[in-house]
Amino acid sequence: VHSMLEAMIASIHAVPRLLYMRPFKPYFLSGRVEGPDVAKLVRRDETFTRCCAQIDEVIIEDFDRATHYAQQFEEYRVMHVFGEHWNFDAYAAMQFAASFKDTVTNFKRDMAQLNKWYRDLDRMKMFGFERNLHIDSKTLKNTLLPVTQRALDRCRTLLLQVARDRCQSSLGEYQSKMRDLGEQPRSLRDFADHCEVVNAVR
């Protein structure tokens, strides 16, 4: 603002003045004519000084209001931190190593959180106004949306991989137990062994 005001004063000072124009010299007193310094007159004017002070106050207040407005975006910081520190490989290894119950619980909780973040970002206000200032939140939204979308896509792919591996493991175990149960005992001793197998399957 100060540079704009200084440019305005410079423009006023640069305006051609009749006092210094050759065609008008005969109409002034003879000898060298000196006029007042317009820039100094403007800078020393009380009204101009008061207006500059009021402009400064308004700008400071507007930025304070904009800072207060921006506090609503603090809730999105957790998404940025997540995007910076989330290690997918470590997360995948944890899911493969966890028990079936823990895996289901983890996927349900984490994907619900990512979906919530995605919905929150979708509802984010794109811009706002605080008197003379325009607050643009589109850049923030466009930065965070890929973070949640990418994490969701990778979690869905991982969920399919974990489910496939667990299904294959369960199928192999089921087929192995079916083979064990399918063997018919041919003697009393074999029957006792068969009973142990049945109890183990149970």
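Trainee: Leaving aside its neighbours within four places in sequence, which residues is Thr-148 in contact with?

Mentor: A word on the source comes before the answer. This is a predicted model, in which local features need pLDDT of at least 70 and side-chain atom pairs count only at pLDDT 80 or more, while totals for chains, interfaces and linings use all residues. Residues are numbered from 1 along each chain as its sequence is written, and side-chain values use heavy atoms, with hydrogens and water left out. Contact means heavy atoms within 4.5 Å. With neighbours within four places in sequence set aside, Thr-148 touches Met-79, Trp-117, Tyr-118 and Leu-121.

Trainee: Where is Thr-148 placed, and is Thr-148 buried or exposed?

Mentor: Helices (H or I, at least four residues) and strands (E, at least two) are DSSP runs, numbered from the N terminus. Thr-148 belongs to helix H7, residues 138-182. For accessibility, buried means under 20% relative accessible area, exposed means over 50%, and partly exposed lies in between (1.4 Å probe, protein chains only). Thr-148 has a relative accessible area of 0%, so it is buried.

Trainee: Which residues does Tyr-118 contact, leaving aside its neighbours within four places in sequence?

Mentor: They are Leu-145, Thr-148, Gln-149 and Leu-152. Tyr-118 itself lies in helix H6 and is partly exposed, because its relative accessible area is 33%. Sequence separation and spatial distance should be read together: Tyr-118 and Leu-144 are 26 residues apart in sequence, and their C-alpha atoms are 8.9 Å apart in space.

Trainee: How many helices and strands are there in the protein?

Mentor: The protein has eight helices and two strands, and along the sequence they follow the pattern α-α-α-α-α-α-β-β-α-α. Of its 202 residues, 22% count as buried. Among contacts between residues at least 6 apart in sequence, 66% join residues at least 24 apart.

Trainee: At what angle do helices H4 and H6 pack?

Mentor: Axes are lines fitted to C-alpha atoms, for helices over the stretch in contact, and angles run from 0 to 180 degrees between N-to-C directions. H4 (residues 77-85) and H6 (residues 100-122) pack at about 125°, with their axes 11 Å apart. Angles under 35 degrees count as roughly parallel, over 145 as roughly antiparallel, 65 to 115 as roughly perpendicular and the rest as oblique. H4 and H6 are therefore oblique to each other. Their crossing is left-handed; a crossing has this name if the near helix is turned anticlockwise from the far one by less than a right angle, and is right-handed if clockwise. Val-78, Met-79 and Phe-82 of H4 meet Leu-114, Trp-117, Asp-120 and Leu-121 of H6.

Trainee: How do the axes of H5 and H6 cross?

Mentor: The axes of H5 (residues 88-97) and H6 come within 8 Å and cross at roughly 140°, so these helices are also oblique to each other. Tyr-91, Met-94 and Gln-95 of H5 make the contact with Thr-103, Asn-106, Phe-107 and Asp-110 of H6.

Trainee: How many aromatic pairs are counted?

Mentor: Rings of Phe, Tyr and Trp (its six-membered ring) pair if their centres lie within 6.5 Å; planes under 30 degrees apart count as stacked, over 60 as edge-to-face and the rest as tilted. By this rule there are eight aromatic pairs. One of them is the edge-to-face pair of Trp-86 and Phe-88, at 5.7 Å centre to centre with 70° between the planes. Trp-86 is partly exposed, with a relative accessible area of 25%, whereas Phe-88 is buried at 16%. Phe-82, Trp-86, Phe-88, Tyr-91, Phe-107 and Trp-117 form one aromatic cluster.

Trainee: Which charged end sits over the ring of Phe-88?

Mentor: A charge sits over a ring if NZ of Lys or CZ of Arg is within 6 Å of the ring centre and within 35 degrees of the ring normal. For Phe-88 it is the charged end of Arg-154, 3.9 Å from the ring centre.

Trainee: What is the phi of Arg-131?

Mentor: Most residues other than glycine have a negative phi. Arg-131 has a positive phi, near 60°. Arg-131 lies in the loop between strand E1 (127-130) and strand E2 (133-136), and is partly exposed, with a relative accessible area of 42%.
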